[in-house]
Amino acid sequence: MASSSTKPIFTPPLTTSSSSSSSQPPTRSSLLSFLHSTTPTPISLNLSRSRISFLNSPSSAVRSLSIKNAAKTIEAAETSRVSRVGGLDANSQETKPTILVSEKLGEAGLELLRSFGDVDCSYDLSQEDLCKKIASCDALIVRSGTKVTRQVFEAAKGKLKVVGRAGVGIDNVDLQAATEYGCLVVNAPTANTVAAAEHGIALLAAMARNVAQADASMKSGQWQRNKYVGVSLVGKTLAVMGFGKVGSEVARRAKGLGMQVIAHDPYAPADRARAVGVELVSFDQAISTADFISLHMPLTPSTKKVFNDDTFAKVKTGVRIINVARGGVIDEDALVRALDSGKVAQAALDVFTEEPPPKDSKLVQHERVTVTPHLGASTKEAQEGVAIEIAEAVVGALQGELAATAVNAPMVPAEVLSELAPYVVLAEKLGRLAVQLVAGGSGIKSAKVVYRSARDPDDLDTRLLRAMITKGIIEPISDSFINLVNADFTAKQKGLRISEERVAVDSSPEFPIHTIQVQLSNVDSKFGSGVSEGGDISIEGRVKYGKPHLTRVGSFSVDVSLEGNLILCRQVDQPGMIGQVGNILGEQNVNVSFMSVGRTVRRRKAIMAIGVDEEPNQETLKKIGEVPAVEEFVFLKL
């Protein structure tokens, strides 16, 4: 018997405060009242770092929120003490939270904050001064200049309930420490979308018509009309690399300028792109056919220096590049070489690997490069929008609401974590494997997760596992931080629908889950054997001896420990295959940790799964593919 369901991330149960009179209506308990306590020793799960951290305390049962028994936990806490919202008396009309704003914020945001609490605007604080002030603050709002370190959370002594980052990046906030001390971290990811897109278009046009160079020439007393002849945008092909919020807005505006727009983004739904008049294509097709390339991809391990010498060798000669995303996606030395050779005609850059870049930077000083000092979000309207967005998120958090823009995890009881710990690891790794089997250009729209378990569905809460599968699918090619709070929201924003099915099996109910299966529908696979009979990419795993194992790829049964890296080969089932592939890896000093072969029919087709400690180079992988009996293979990072 199978049943499907999708539960909301968290709905606070109705409880009655012990200090309320019987005539008062019941109030919703604040989740934050159980995440924050006067004794900052929580039991926490840090999903954004993929590891579980336990800090045990005798009173943890009162402060932790049990997914399964949330109502009982809250009821027990409420009957034992007066209801408090993050340490503040919920019934008091006199006490206001203190909100420290350490960097300049738009007036509209400040007005909203002042209507709710006492606002302290103290700018340019040293780390020492910040630690002194934070002990009396309930909330802290920063931009990129303030470093919110572990020392800051330690100095807060549990009083700090929320840190708001007025912007997108949160590199300056110690998420691990925030989670351990029960402090929510929220950001403002949407308010500067239009500003960044407009700046991208401004750089596009300025570069095409040599505006910056001509301006500098005239101010030096010259009149060089013939030198600064530009190129037209009408009819040219623009490749938008990353079709998220900013990328799609750039595409809309470029269409209005008469440009042909294509895009590459492994997550963008094709129907959403078509609605804007944009065709989704592969990475290589995008860079090889474009006259202009506009970068809007996040900086992740897979995108770091993705525009390098090899990439520039594939672009159309005379291409022009715009980057208002992240500096690290371009190998800046390689770009200088491409500019010098004429392979790249011009570049317009708002972001750099090091900010500010060195004064003697060859890239910044290059005559055919237009530069701005990270001005993508620098409009009055965007700054006001960011201020309002972060103020609303911070006020909501102080009121006990879970913001959709939260980037760290709420508390989960130790007993739930200890039981699910190995399945959490399995879930994320299955998500990471599945997304790596997807061929570029098609976009992931739908994922289905099947849990096989001997337990009653009511005794199996899978929200944590669903969050980790979402994390595994999205994080490898995104700058999103996925956790229990924002998993469903982020998936929806990415156009990814995740459904769940629970299937009853005859196994021991001692273990919460027998197997987890991840299916990706309506996508092309770079490894044909990973496709099931139903046409979906399908992989399945289970926990054995406390370790995550891969047990099925497509229609093939395997038995693979999910550690290190993995090579999957579809081969003709014949003697000597393990030796041949093993020798190729050994010759290149790649250590094999295990090998497993699964087949459907003897002497027909088989899948060989090879665990390797190191990442083989392209030449080694090419040699594996040249083995006559190997029909296809894929290298997967775990």
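**A guided reading of the predicted model**

Gln571 has a relative accessible area of 2% and is therefore buried. The coordinates come from a predicted model, and that should be kept in mind for every value in what follows. Gln571 has its place in strand E26, which covers residues 565-572. Leaving aside residues up to four places away in sequence, Gln571 touches Met577, Arg604, Lys605, Ala606, Met608, Ala629, Val630 and Glu631. Cys569 is likewise buried, with a relative accessible area of 0%. Cys131, at 19% relative accessibility, also counts as buried, because the limit for that class is under 20%. As for cysteine pairing, the count of disulfides comes to 0.

Seen as a whole, the protein chain holds 21 helices and 29 strands. Of its 638 residues, 53% are buried. Among the contacts in the protein chain with a separation of 6 or more, 68% are made by residues 24 or more positions apart.

One of the sheets is an open one built from 5 strands, whose order is E9-E8-E10-E11-E12 and whose pairing is parallel. Its edges are taken by strand E9 (118-121) and strand E12 (184-187), each of which has a single partner strand, so one side of each is left without a neighbour in the sheet. From one strand to the next, the twist averages 20 degrees. Within this arrangement, strand E10 (residues 139-142) and strand E11 (residues 162-165) pair in the parallel sense over 4 bridges, and Ile141 stands opposite Gly164 in E11. Helix H5 (residues 127-134) packs on the sheet, where it touches E8, E9 and E10, and its direction makes about 170 degrees with that of E8. Helix H4 (residues 107-114) lies across strand E8 (98-101), E9 and E10, and runs at about 140 degrees to E9.

Just after H8, Asn210 takes a positive phi of about 55 degrees.

A second open sheet to consider has 7 strands in the order E15-E14-E13-E16-E17-E18-E19, again with parallel pairing. Strand E15 (279-280) and strand E19 (369-371) stand at its edges with a single partner strand each, so one side of each has no neighbour in the sheet. At the E19 end, 3 bridges join that strand to strand E18 (residues 344-349), and the two run parallel. Ala348 has Thr370 in E19 as its bridge partner. Helix H10 (residues 245-256) lies across strand E13 (237-241), strand E14 (260-264) and E16, and runs at about 170 degrees to E13.

The aromatic rings make a last topic. A pair of aromatic rings is described by the distance of the centres and the angle of the planes. The structure holds 2 aromatic pairs. In one of them, the rings of Phe283 and Phe307 have their centres 5.8 Å apart and their planes at 55 degrees, so the pair is tilted. Phe283 lies in helix H12 (residues 283-289), while Phe307 lies in the loop between strand E16 (292-295) and helix H13 (309-314), so the pair ties together parts that are 24 residues apart in sequence. Both Phe283 and Phe307 are buried. Phe307 also forms an aromatic pair with Phe312, and this one is tilted too, at 6.2 Å centre to centre and with 50 degrees between the planes. Phe312 is buried, as is Phe307. Through these ring pairs, Phe283, Phe307 and Phe312 are linked into a cluster.

Note on methods
Residues are numbered from 1 along each chain as its sequence is written. This is a predicted model: local features need pLDDT of at least 70, side-chain atom pairs count only at pLDDT 80 or more; totals for chains, interfaces and linings use all residues. Side-chain values use heavy atoms; hydrogens and water are left out. Rings of Phe, Tyr and Trp (its six-membered ring) pair if their centres lie within 6.5 Å; planes under 30 degrees apart count as stacked, over 60 as edge-to-face and the rest as tilted. Buried means under 20% relative accessible area, exposed over 50%, partly exposed in between (1.4 Å probe, protein chains only). Two strands pair if DSSP finds at least two bridges between them. Contact means heavy atoms within 4.5 Å. Axes are lines fitted to C-alpha atoms, for helices over the stretch in contact, and angles run from 0 to 180 degrees between N-to-C directions. A disulfide is a pair of cysteine sulfur atoms within 2.5 Å.
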